[in-house]
Amino acid sequence: MTVLLALLLFLTAATGAGIVFSRDPRRQVLAIAGNGLALTLLFTALQAPDVAFSELAVGTAALPLLFLVALASVRTDRKSDL
Amino acid sequence: MTRTARLLLFAVAVLVLAPAGVVVAMNMPAFGSHELPYGDAVNSTIPAARHISNMVSAVNFDVRGLDTLGEEFMLVCAVTGTVVLLRGERGEKLTSHPAQMRGRLNAPRSDALVLTGRLMGPMVLLFGLYVVLHATVTPGGGFQGGVVISSGLLLLYLCEDYQTWRWFMRAGWLDACEGGGALIFVLAGAAPLCFGAHFLQNIMPLGKFRDMLSGGLMQIVNAAVACAVLGGFALVFLEFLEETREPRGDP
């Protein structure tokens, strides 16, 4: 295992822990995107570019967007109820 | 459940699971060890048998094409369910006044964001198209290219306003793209049956090795998957973003 791979594995673990330890949902969404980016770098370093493409598009763009929209939707619903 | 009870439960779980975890970790193959007979078999036979150089595409679209068909329909079902749940209430109306809800700031886009988005958006779309077209020669393929293109569409949403984005994201086209992709996949599988071959058997001319159009039937299946994935993801984005819209007062 090279130094690069070790660093990237550590980065993945660190960003994953970041998701768990951030309590605010909006921060969690950004933490998920950060974790997706770390995974993308890891997959690229492990010579799996096709998985990296999917992870980059789904993990850092699609998934956070859907979560953000869901959060926004929930929040406005609460406001209109009051 | 009190905090003490939870900690107790945690301790019991660790006592039971930790030894098992250690045993598994000790018996794992070494990092980077190569014990993949299936991969070796594919690597040694497919280039000659199918004239293509991207083994992942070969496995997905040919060797286990039927599995991919199942995955394709899982995606279609998931997207259909989402669309049915979300679109039911608002119908098919086109006009939109997003982010006009009470209490939500409608911040104007900065020039930097607009410039970056307008430069990067079309390039991401083009790159996605490249990934789709070169499925049989370089890493990537229909699924990867489809998600790259749909994330490029998101970039266009970021740099334009919602109304412009909504204007060119026509649900009818995306529906057709998604369902049509799945249909073409099934037809591509069924067509060989008419010539006395097996389902999804690659009976088309295979083309030249390392040529963009090599792979025979895989080209059609790949294009179908790209269509379905692009349409599916774009539809989910559209239906979700429609949820940020003012529901009443729409003409």
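Helices (H or I, at least four residues) and strands (E, at least two) are DSSP runs, numbered from the N terminus. This is a predicted model, in which local features need pLDDT of at least 70, side-chain atom pairs count only at pLDDT 80 or more, and totals for chains, interfaces and linings use all residues. Residues are numbered from 1 along each chain as its sequence is written, while chains are lettered from A and ligands numbered from 1 in the order in which they are written.

**Stop 1: chain A**

Select chain A, whose secondary structure consists of three helices and zero strands. From the N terminus on, its elements run α-α-α. The radius of gyration (taken over C-alpha atoms) is 15 Å for chain A, well over the 12 Å that the globule rule (2.2 Å times the number of residues to the power 0.38) gives for 82 residues, so chain A is more spread out than a compact globule. Along the principal axes, the C-alpha atoms of chain A fill a box of roughly 55 × 25 × 10 Å.

A residue is buried if 20 or more other C-beta atoms lie within 10 Å of its own, exposed if 12 or fewer, and partly exposed in between, with C-beta atoms placed from the backbone. In chain A, 29% of the 82 residues count as buried. Two residues are in contact if their C-beta atoms, placed from the backbone, lie within 7 Å. Among contacts in chain A between residues at least 6 apart in sequence, 45% join residues at least 24 apart.

Next, select A:Q47, in the loop between helix 2 and helix 3 of chain A. A:Q47 has a positive phi of about 60 degrees although it is not a glycine. Most residues other than glycine have a negative phi. A:Q47 is exposed, with 9 other C-beta atoms within 10 Å.

**Stop 2: chain B as a whole**

Select chain B, which has nine helices and zero strands. Its radius of gyration is 24 Å, well over the 18 Å that the globule rule gives for 251 residues, so chain B is more spread out than a compact globule. The box filled by the C-alpha atoms of chain B, taken along the principal axes, is roughly 60 × 60 × 40 Å. Buried residues make up 31% of the 251 residues. Of the contacts in chain B with a separation of 6 or more, 73% are between residues 24 or more positions apart.

**Stop 3: helix 2 of chain B**

Select residues 37-50 of chain B. Helix 2 has 14 residues and reaches 19 Å from its first C-alpha to its last, close to the 20 Å expected at 1.5 Å a residue (1.5 Å times one less than the number of residues). Centre on B:S44, where helix 2 of chain B bends by about 30 degrees; a proline, B:P47, follows within four residues. The bend is the angle between axes fitted to the seven residues ending at a residue and the seven starting there. Helix 2 of chain B is hardly covered, with one buried residue among its 14. After the helix comes B:H51, whose phi is positive, near 60 degrees.

**Stop 4**

Move to residues 171-194 of chain B. Helix 8 of chain B has 24 residues and reaches 34 Å from its first C-alpha to its last, close to the 34 Å expected. Its buried residues include B:L174, B:G181 and B:F185. B:G196, with a positive phi near 80 degrees, follows helix 8 of chain B. In the loop between helix 8 and helix 9 of chain B, select B:R210. B:R210 has a positive phi of about 65 degrees although it is not a glycine, and counts as partly exposed with 14 C-beta neighbours inside 10 Å.

**Stop 5: the nonpolar core**

A nonpolar core is a set of buried Ala, Val, Leu, Ile, Met, Phe, Trp, Tyr and Cys residues joined through C-beta atoms within 7 Å. The largest such core has 52 residues, and those with the most contacts inside it are B:V221, B:V225, B:V229, B:A234 and B:F237. Helix 9 of chain B gives the most to this core, with 18 residues. Centre on B:V225, which touches B:E72, B:G142, B:F143, B:G146, B:G181 and B:F185, not counting residues up to four places away in sequence.

**Stop 6: the contact between the chains**

Finally, display both chains. The contact takes 22 residues from chain B and 17 residues from chain A. Helix 6 of chain B supplies the largest share of the side of chain B that touches chain A, six residues.
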